Amino acid sequence: NAYGMSADDAAKISDVLITTQNLGKTSVAQLGASMGMVIPLAAAYNMDLEDLSASYALLTANGTQTAQATTYVKAALNELGSTSSVVGSTLKKQTGKTFAELMAAELMKEVNSLGDVLQVLADSVDGDTTAFNNMWSSSEAGVGMLSILNSGTSKYNSLVQAMEGSTGAATTAFEKMSETGEFAQQRFQNATENLKIAIGDELAPVLMELQQSGADAMEWATEFVKEHPELVAAVTALAAALAVLAAALGGLL
């Protein structure tokens with residue numbers, strides 16, 4: 001699955017989260033704050049990140065808040081993964097496999113996603129949505145999974161495919177963001193704060209001068225200070241040097 005956090009996986013995870021944000025009504029920040037509560041459970045049942053993310057995209061697109069979507073999905077996975085639950089035993093009866101076995105990549109044939117699993121359960125009650133909802137002991141699980149089911153298996157699977165084909169989404173998003181004035185302002189503010197941390201608030205008046213030189217000057221100065229820590233002790237001399245630096249860089253930039 002896609003839950004590893006190695007350097008090789010980091011880009012893919014970023015791409016999937018950005019795509020979830022784009023296709024649902026959520027944000028990467030909200031996903032980061034919520035998905036950690038359900039990822040271990042999903043991974044235990046062999047549910048890929050792309051599949052899990054599709055559930056978030058669809059639920060939030062349907063109007064569910066990100067944190068609530070986590071509650072829905074976690075409750076549903078707990079029941080799907082238990083062969084003693086109604087949905088778990090029904091799934092075993094209909095397919096001959098447990099939820100974890102169905103989610104395992106090597107066993108993916110007729111059932112390829114959570115959406116397909118929900119369709120199997122719906123078919124077992126002849127598509128009766130009330131009966132489908134009553135199969136879940138948790139009301140949160142029932143509400144959440146019914147929302148996904150009502151959107152259609154094909155819709156859900158199209159979202160899974162979008163997640164699987166999301167390579168480059170994070171890079172594209174960053175490029176778009178970097179073109180905006182808001183990003184430029186944030187970059188400048190970050191550079192200012194980094195320099196403050198490196199040399200201390202005593203140089204605040206000089207920082208005001210440095211601000212006129214732009215974020216590039218700030219970032220350069222930060223690295224300069226980090227590479228020459230012995231200068232930090234001589235605050236007065238450093239302040240004078242940076243004042244000159246600000247004037248010089250202002251002209252160059």
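The model is predicted: local features need pLDDT of at least 70, side-chain atom pairs count only at pLDDT 80 or more, and totals for chains, interfaces and linings use all residues. Residues are numbered from 1 along each chain as its sequence is written, and side-chain values use heavy atoms, with hydrogens and water left out.

**Exercise 1.** Find the largest cavity and describe its lining.

Step 1. Apply the rule: on a 1 Å grid over the protein atoms alone, a cavity is a set of points where a 1.4 Å probe fits but cannot get out, and lining residues have an atom within 4 Å of a point. Grid points are joined across faces, edges and corners, and a volume is the space filled by probe spheres set on the points.

Step 2. The count is 1 cavity of 30 Å³ or more, and the volume of the largest cavity is about 30 Å³.

Step 3. Its lining consists of Gly115, Leu118, Gln119, Ile148, Leu149, Gly152, Thr153 and Tyr156.

Step 4. H8 (114–124), H10 (139–151) and H11 (153–164) each supply at least two lining residues; H8 gives the largest share, 3 residues.

Step 5. By class, the lining has 4 nonpolar, 4 polar and no charged residues. Here Ala, Val, Leu, Ile, Met, Phe, Trp, Tyr, Cys and Pro count as nonpolar, Asp, Glu, Lys and Arg as charged, and the others, Gly among them, as polar.

**Exercise 2.** Locate the aromatic pairs and state their geometry.

Step 1. Rings of Phe, Tyr and Trp (its six-membered ring) pair if their centres lie within 6.5 Å; planes over 60 degrees apart count as edge-to-face. The whole structure holds 2 such pairs.

Step 2. Tyr45 and Phe99 are edge-to-face, at 6.0 Å centre to centre and 70 degrees between the planes. Tyr45 lies in the loop between H3 (39–44) and H4 (49–61) and Phe99 in H7 (99–103), so the pair ties together parts 54 residues apart in sequence.

Step 3. Phe132 and Trp136 have ring centres 6.0 Å apart and planes at 70 degrees, so this pair is edge-to-face.

Step 4. Check burial (buried means under 20% relative accessible area, with a 1.4 Å probe and protein chains only). Tyr45 and Phe99 are buried, Phe132 is buried at 0%, and Trp136 is buried at 5%.

**Exercise 3.** Which residues does Asp51 touch?

Step 1. Asp51 is found in helix H4 and is buried, with a relative accessible area of 4%.

Step 2. Not counting residues up to four places away in sequence, Asp51 touches (heavy atoms within 4.5 Å) Met103, Asn112, Ser113, Leu114, Tyr156 and Val160.

Terms used:
1 Å grid on protein atoms, 1.4 Å probe; cavity = no way out; pocket = protein on both sides within 12 Å on 5 of 7 lines; lining within 4 Å. Helix = DSSP H or I, 4+ residues; strand = E, 2+ residues; numbered from the N terminus. Phe/Tyr/Trp six-rings, centres within 6.5 Å; stacked < 30°, edge-to-face > 60°. Buried < 20%, exposed > 50% of the residue type's maximum accessible area, 1.4 Å probe, protein only.
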